[in-house]
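This briefing covers one protein model, with its overall content, its helix packing and a few individual residues. Please read it alongside the sequence and structure shown here.

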Amino acid sequence: SGMPAPCVFAPDMTEQVPLWHHYLLAIQSRESPRVQDYQRAENILLTVLERVQALDPRFLVDYSRDLEAFQFALRSSEDPLDVEVPLGVDAEALLIEDSEAAEPGDGPAICRLGVLKKASGLEPWMTDDVFSVSSEGRDKCCGHIVPSKVLCVLKDLLVAAIVHCKHHSLIPPGSLNAASLKEGQLHLSLLVSSGWRKIRFNVVPVVRKKHSVPALEGAQLKPGFPEGILRRIASHGVDLVPANAQHWRISTGYLLSRLLGALGSFPGHRLDSLSILDRVNLESWRGGSQSPGLTFDHLKTVLLWASVLFPAPEDWEDLEGAVYRLLVVLLCCLATRNLPHVLYPERNLLQDSGLDLGVIYQRVEHFASQPEESLRIHVTHLGHSRPPRIDNGVKALLQLPASDPTYWTTAYFDFLLDKFQVFNIQDKDRISAMQNIFQKTKTMGNDSS
């Protein structure tokens, strides 16, 4: 689907507006109606969830969802949105029994939520519908809260709540049907109609837990985020969500959304660059969602890494340069087939994704080399494409972090930006560090110059 040009331009003005800004303005012209659609859909869902809580007070309503509306406005893609339903249980009173992750790269370990034998106040969570009695007599706990049982109860509650809300005209006619409720393995999926847009929500039960996330307390993210912001985000703790029928796992979705929200308060084009690449991904790399490909969450992770690797405000002053800061990180991740999770870098977000990373790499590289054709919103914007910005040598350079992780540094990515002709930094130390990388890779540099 082509994107309409924003109506703020008279036809004779389009040539005076740089292509990147024109494309961004077209995206932004859709933000307000998208937010309104989202808020209407969210209100419908909250009405249903309020009824769920009235039917069973163990399930609570989370009203603090401003970050979701903010992210929905940034996106062009229509991937499902997670809606968390907090469980009214004191996680500090539970016994968290860690199970070993299968492999070191699998990310946060999975766990079981045990109820201690002498626990008080947890009686609502020790009923057969959500609880499984422990068969191991010597255990400290008398049994476990079982994710598959919790999901089963929540599903029945959602159906009853939707029927009630429709019967009492609490939600607009045709906006939500219990028949649209799909059971994912680890969530419940609902399709909500809002105006002309249909939004799919994945409803996920969560247990809130005070738990430290080392990446938010260590030095890893500090270049890109002030310490006070990281401390505030870390104080939220983590969410435990279903990992399989018996186990729970740590979900970092809320923490990553808070980090993204923090970037919105910094000067420059960080979030604009994410919006542009999400649109290009949808239209050009995924053919308008016809083929599987990168998700908004993949691109959000790329932006968070780029913000750590390029903490200087001047890196984000120029829109085109800001987009290329994301592109060099994304290309490197696709070339090495490794996109590290920001909070758990040992976890690779591209592993087991089922995506053809080679094909995606070719499309992203083509865009990075000649972006103009993907940025044209209308045939009248045909202009002269610049010659390709990159040659074969860049592909070899992008592979370097796979064999030597020390290349995952600002100097290495500055070197790539220079290859793409978008390195415009005057800082002497950075120029010197970039030149050192150039010396280190001189044999490749000679081949590709």
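Ser-169 sits in the loop between α4 (147-167) and β6 (182-183). Helices and strands here are DSSP runs (H or I of at least four residues for helices, E of at least two for strands), numbered from the N terminus. The model is predicted: local features need pLDDT of at least 70, side-chain atom pairs count only at pLDDT 80 or more, and totals for chains, interfaces and linings use all residues. Residues are numbered from 1 along each chain as its sequence is written, and side-chain values use heavy atoms, with hydrogens and water left out.

- Ser-169 is not a glycine, yet has a positive phi of about 50°.
- With a relative accessibility of 62%, Ser-169 counts as exposed; the classes are buried for under 20% relative accessible area, exposed for over 50% and partly exposed in between, using a 1.4 Å probe and protein chains only.
- Arg-337, in the loop between α10 and α11 (357-369), also is not a glycine and has a positive phi of about 55°.
- The relative accessible area of Arg-337 is 48%, so this residue is partly exposed.

**Overall content**

- The protein contains 17 helices and ten strands.
- Buried residues make up 52% of the 449 residues of the protein.
- Of the contacts between residues at least 6 apart in sequence, 66% join residues at least 24 apart; contact means heavy atoms within 4.5 Å.

- Asp-315 lies in the loop between α9 (296-309) and α10 (319-336).
- Its relative accessibility is 2%, so Asp-315 counts as buried.
- The side chain of Asp-315 makes a polar contact of 2.8 Å with the side chain of Arg-325.
- The side chains of Asp-315 and Arg-430 are joined by a polar contact of 2.6 Å.
- A polar contact is a pair of N or O atoms within 3.5 Å; within protein, one must be able to donate a hydrogen and the other to accept it, and residues adjacent in sequence count only if both atoms are side-chain atoms.
- Leaving out residues up to four places away in sequence, Asp-315 touches Phe-310, Gly-321, Ala-322, Arg-325, Ile-425 and Arg-430.

- The axes of α10 and α15 are 10 Å apart, at an angle of about 110°; axes are lines fitted to C-alpha atoms, for helices over the stretch in contact, and angles run from 0 to 180 degrees between N-to-C directions.
- That angle makes α10 roughly perpendicular to α15; angles under 35 degrees count as roughly parallel, over 145 as roughly antiparallel, 65 to 115 as roughly perpendicular and the rest as oblique.
- Tyr-324, Arg-325, Val-328, Val-329 and Cys-332 of α10 meet Tyr-412, Phe-413, Leu-416 and Leu-417 of α15.
- By class, the contact of α10 with α15 has eight nonpolar residues, no polar and one charged; Ala, Val, Leu, Ile, Met, Phe, Trp, Tyr, Cys and Pro count as nonpolar, Asp, Glu, Lys and Arg as charged, and the others, Gly among them, as polar.
- Helix α15 (residues 410-419) and helix α16 (residues 428-440) cross at roughly 80°, and their axes come within 8 Å.
- That makes α15 roughly perpendicular to α16.
- On the α15 side the contact is made by Thr-410, Ala-411, Tyr-412, Asp-414, Phe-415 and Asp-418, and on the α16 side by Arg-430, Ala-433, Met-434, Ile-437 and Phe-438.
- The residues of the contact of α15 with α16 comprise seven nonpolar, one polar and three charged.

**α6 and α7**

- Helix α6 (residues 227-234) packs with helix α7 (residues 253-263) at an angle of about 150°, with axes 10 Å apart.
- That makes α6 roughly antiparallel to α7.
- In α6, Ile-229, Leu-230, Arg-232 and Ile-233 meet Leu-255, Arg-258, Leu-259 and Ala-262 of α7.
- The contact of α6 with α7 has six nonpolar, no polar and two charged residues.

- Trp-20, His-22, Tyr-23, Leu-24, Ala-26 and Ile-27 are the buried residues of helix α1 (residues 19-28).
- These buried residues of α1 pack against α2 (31-55), α8 (270-285), α10, α11 and α12 (372-375).
- Phe-70 belongs to helix α3 (residues 66-74) and, at 24% relative accessibility, counts as partly exposed.
- Not counting residues up to four places away in sequence, Phe-70 touches Leu-260, Gly-261 and Leu-271.
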